[in-house]
Amino acid sequence: LEQGCLSIIVLGASGDLAKKKTFPALYHLFEQGFIQAGEVHIFGYARSNLSDEGLRERIRGYLKGASEEHLTEFLQLIKYVSGSYDSGEGFDKLNKEISAVEMSNKSGSSRRLFYLALPPSVYPSVCKMIRTYCMNPTSRAGWTRVIVEKPFGKDLDSAEELSSQLGELFEEDQLYRIDHYLGKELVQNLLVLRFANRLFLPLWNRDNVDNIQIVFREDFGTDGRGGYFDQYGIIRDIIQNHLLQVFCLVAMEKPVSLKPEHIRDEKVKVLQSVNPIKDEEVVLGQYQGYKDDPTVPDDSNTPTFASIVLRVHNERWEGVPFILKAGKALNSRKAEIRVQFKDVPGDIFRCKKQGRNEFVIRLQPSEAMYMKLTVKKPGLEMATEQSELDLSYGMRYQNVTIPEAYERLILDTIRGDQQHFVRRDELKAAWQIFTPLLHDIDAGKLKSVSYQPGSRGPKEADELSEKVGYMQTHGYIWIPPTLA
Ligand code: BG6
């Protein structure tokens, strides 16, 4: 890790994301010694009139359970600067504050990390201000890097426009487009799993795999964010970014090496191999009660649930449906990948109805991987049943704390590693896949069916999965093992 003065500037410091994710992640990095007093200075920037203490108190509220000693020390590193997002005055003031701490630091270096916890509508103006007023001085060793949050645009054209606006101000290696799913432990494990295990290499293709599901479920609605959500919908909120990133890692070819550019090259390739989405392979849903939110228009057609089949036109995956499914206000909260294998040819046990082999990667909660297998039912009878090989992280890694996604990604940015960030061409390819569908939904050509909150979502989605080949195992439930 490089040493020397590091300034982390959180823009939108009084907003939700900053309080819930950014500052807590910084605290955890501090607690573990990845960022240290004397070297790091944190600045919160926002429009509200707030004192340093005022901001620190707000942050404290989100760090329940932290050690008092560490917390007090951490909070002392934070300063607040108020200003608007489009005036030189505020950013000039911010720059002076940053320069002052750099001057007093003996290392003579200047590393500046800007975290935009802001709505994308202000990205262009904020980036322009940073470029004009706040870049690291060239007389000092260091860098300026900018982390931006989704949504990066609303469709292909708006995303490209945003990309070129930012591209005029910063080089690609200064821009870190964050997708926090890429910071999750089991998402980061995908490359290892696929390419470091002989077991999977020959199986991971159309000859053996029948279908793949990538599923996100939440057991709460759009509570309090209806206004934002209605502009975007579940496809832009979850599928086009989080699930598609997971899809890339599941479906892509083996990269030449682990270099970030090599990995991202493969992601772009697989995205470019996705066929246009067919209307009959899409189910949209909206939960009953969504429109009760006063910030949501009464005639909203915005989906809060979607199930979309992606088809990859290449040698490995021709004919294998990838079902990407996401929904709010469902009966459970979880995210998982399900790789379902084909039936055993010439099966002498005739146990087809019991279910197929399925490899499940549970991203959250309770990280786990398990492989559903058919085994002999223990006992005197010669009967078969479904069981599993189970790697549950809570059991296997008992004294290991799994880091938060944001923690990891901020550390990557400090280290200058862009592997787990979205490259510009990758973003473009992602929007190319979904834009025609999104335009049809926005134009009302495709309608959301209504579903009961707290349910599995529209029954049409289950029917679609079945139609494209997914076979549900009846009578089998995986029970995550718990410590005695
Ligand atoms: C965010 C979405 O990107 O991800 C939210 O905007 C969603 O709608 C959240 O709730 C889910 O993240 P996680 O890490 O809780 O699965």
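Author: A polar side-chain atom of D237 lies 2.6 Å from an oxygen atom of the ligand. The protein covers 81% of the 400 Å² of accessible area that the ligand has on its own (Shrake-Rupley method, 1.4 Å probe). This is a predicted model, in which local features need pLDDT of at least 70, side-chain atom pairs count only at pLDDT 80 or more, and totals for chains, interfaces and linings use all residues. Side-chain values use heavy atoms, without hydrogens and water, and residues are numbered from 1 along each chain as its sequence is written.

Reader: Why is strand β11 called mostly covered?

Author: Buried means under 20% relative accessible area, exposed over 50%, and partly exposed in between (1.4 Å probe, protein chains only). In β11, residues 334-341, seven of the eight residues are buried, so the strand is mostly covered. A strand here is a DSSP run of E with at least two residues, numbered from the N terminus.

Reader: How do you know that β7 and β11 pair?

Author: Two strands pair if DSSP finds at least two bridges between them. β7 (residues 209-217) and β11 have eight, in the antiparallel sense, so they pair.

Reader: What joins β11 to β12?

Author: Six bridges join β11 to β12 (residues 358-364), and the two run antiparallel. The bridge partner of I337 in β12 is I361.

Definitions and conventions
Helix = DSSP H or I, 4+ residues; strand = E, 2+ residues; numbered from the N terminus. Polar contact = N/O pair within 3.5 Å; in protein donor to acceptor, adjacent residues only side chain to side chain.
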